[in-house]
Amino acid sequence: MSPGKRKPDLPSPMFAEQPDGSFVTSLRGLAVLREPLLNKGTAFSPQERAELGLQGLLPPAVETLEEQVRRTYVQYGRQQTNLLKNVYLEALRDRNEVLYYRLLSDHLREMLPIVYDPTVAEAIRTYSHEYRRPRGVYLSIDDVDGIERAFQSLQLGPDDVDLIVASDAEEILGIGDWGVGGGAGIAAGKLAVYTAAAGIDPARVIPVALDVGTDNEALLNDPAYVGNRHSRVRGRRYDDFIDAYVTTATRMFPGAMLHWEDFGPSNARRILEKYTERICTFNDDMQGTGAIVLAAMLGAVRVSATPMRDQRIVIFGAGTAGIGNADQLRDAMIRDGLDHDTATRRIWPIDKQGLLIDDMTGLRDYQQPYARPRDEVAGWSRDEHGISLAEVVRRVKPTILLGTSTVHGAFTEEIVRSMAAQVERPIIFPISNPTERIEAMPADLIRWTGGRALIATGIPVEPITHKTVTYVIAQANNALLYPGLGLGAVVSRARRVSSGMLQAAAEAVAGMVDVSAPGASLLPQVDNLREVSATVAVAVANRAAEEHLARTTLRDTVQQVHEAMWQPAYRAIRGNGR
């Protein structure tokens, strides 16, 4: 990776990186202060102020970045709601990106829920009304010919982009279809985490809002809405638009990984399967969620001493995330000695219609391989919703219960006690979020199982003490995995993201914790995501090289990963005399 040759918001003649790491710019005066990738605020030195025409435009004090961070953290703390904190941070990002990322990196555990899930969902709801500075590109299905022009407007060369995150905003973080604001907000938020957690250079990324319309009537009837005012386009026209985006982006930026975020179930898996063997691409909702759950599962399996090949898995919530988890767990069982069909039959998926059965109408293509044969369940009891979770647990006696349903309280005391009566160390992962959608609270799971349950959740949970043992609850937070995966793909210049690279990422995360102590977390904590991301990146890059997917030579992977991680620190800036 060669960071920072050109900047998204600055034509290259105005802003150029030098071999010594400094920058030369033709901008002067207020124009310098208006560029977030250039602005240092009160940290400009006297020499820089003179050379860049900033004299009299700043207070006389010259501060360090550390002093600025202390002030902004106090200002951040004065914001009375999480939404206001999000707005404050976005405003800071709009005026000074280095300061923003330094503040975020210094307080990542605290601020991660503010800049991304769950607070970003609140910010997306008000996107059109709070519209400020555009970020990235907005691609409209009504102007397919404008895709290349939009990317050209960034004035970036073919070697200047490492990562592109795109969303069509159909399934935003539990709030559903949120149109152009959802696509723009979620793509920018995801990239902020990539940078803060893994040091992906913010000057070498592009957030993309794919505006295909919206089925959200509230948006369509809102006079302030800034997106396309028509219903969501589907079918052949949608597919052609996505193909035009992929074709253009990969031609213009051949080294970039294309990340898909928050696509609806009818499109997410289909798009990934279409392009996954052709380009370097990744879907965090499917692959990232599956890989981080696998990482937690590897730790749980070590504790339970029951190998993956002997697990019986019930997944409650068989959408794209649930089946994405199923795929990863099935592959892990195959690696542990089972054949494909036997591993598939070790998974029982349940959705709104109850246990999935092979002759049901309306099954999605990705659900069909896991649907159970009708004759297998002939004697099982049913209610108005089909074969229930309670009945499946009673019949299957699962060793693993995984929740991706967003149905709060679905893992009842009766169901959990039924499972725990059959298994010495039940593995229970209620990973739906936010809190009001989680299938069961960890404190209840510990109490109902007498402290025997091995737990990971999708929300942060404080440690729980039960009968003198303190249980540290693992958070299956995708941020533990996808930033490092992306960095590993960037460093290796991977041709594609393989199942082996996902496996390597999961194993790297799992290997960072000691699960032997009573109550130990199954996953690392998010306090030092940079360390986790670096470890994951090394494993992913090495696996890419082993699988002959790397397009560059890895001589010292650890050093190359370290050198590739952008640091939120000011660099010297000089005028070019124009």
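Predicted model: local features only at pLDDT ≥ 70, side-chain atom pairs only at ≥ 80, totals over all residues.
## Seven-stranded sheet

Seven strands form an open sheet with mixed pairing, in the order E10-E9-E8-E11-E12-E13-E16. Strands of a sheet pair through backbone hydrogen bonds, in either a parallel or an antiparallel way. The edges are taken by strand E10 (354-355) and strand E16 (474-475). Each of these two has a single partner strand, so one side of each is left without a neighbour in the sheet.

Strand E8 (residues 313-316) and strand E9 (residues 347-351) run parallel and are joined by four bridges. Within this pair, phenylalanine 316 stands opposite isoleucine 350 in E9. Helix H13 (residues 284-304) packs on the sheet, where it touches strand E11 (400-403), strand E12 (427-430) and strand E13 (454-457). The direction of H13 makes about 155 degrees with that of E12.

## Helices H5 and H6

Two packed helices are described by the angle between their axes and by the distance between the axes. For helix H5 (residues 97-106) and helix H6 (residues 108-115), the angle is about 120 degrees and the axes are 6 Å apart.

On the H5 side, the contact is made by Tyr100, Leu103, Leu104, Ser105 and Asp106, which meet Leu108, Met111 and Val115 in H6. By class, this contact of H5 with H6 has six nonpolar residues, one polar and one charged.

## Cavities

Rolling a probe the size of a water molecule over the atoms shows where empty space is left. Searching the whole structure gives two cavities of 30 Å³ or more. The second largest cavity holds about 50 Å³ of space.

Its lining consists of Asp162, Gly255, Ala256, Met257, Cys280, Ala489, Val490, Arg493, Ala494 and Arg551. Six residues of the lining of this second largest cavity are nonpolar, one is polar and three are charged.

## Positive phi angles

Most residues other than glycine have a negative phi. Threonine 406 has a positive value, near 60 degrees. This threonine 406 is found in the loop between E11 and helix H17 (413-420). Its relative accessibility is 37%, so threonine 406 counts as partly exposed.

Lysine 467 is not a glycine either, yet its phi is positive, at about 50 degrees. The loop that holds lysine 467 runs between strand E14 (464-466) and strand E15 (469-471). With a relative accessible area of 69%, lysine 467 is exposed; the cut-off for that class is over 50%.

Definitions and conventions: Residues numbered from 1 in each chain as written. Heavy atoms only, no water. Pairing = 2+ DSSP bridges. Contact = heavy atoms within 4.5 Å. Axes fitted to C-alpha atoms, helices over the stretch in contact; angles between N-to-C directions. 1 Å grid on protein atoms, 1.4 Å probe; cavity = no way out; pocket = protein on both sides within 12 Å on 5 of 7 lines; lining within 4 Å. Points joined across faces, edges and corners; volume = space filled by probe spheres on them. Nonpolar A, V, L, I, M, F, W, Y, C, P; charged D, E, K, R; others polar. Buried < 20%, exposed > 50% of the residue type's maximum accessible area, 1.4 Å probe, protein only.
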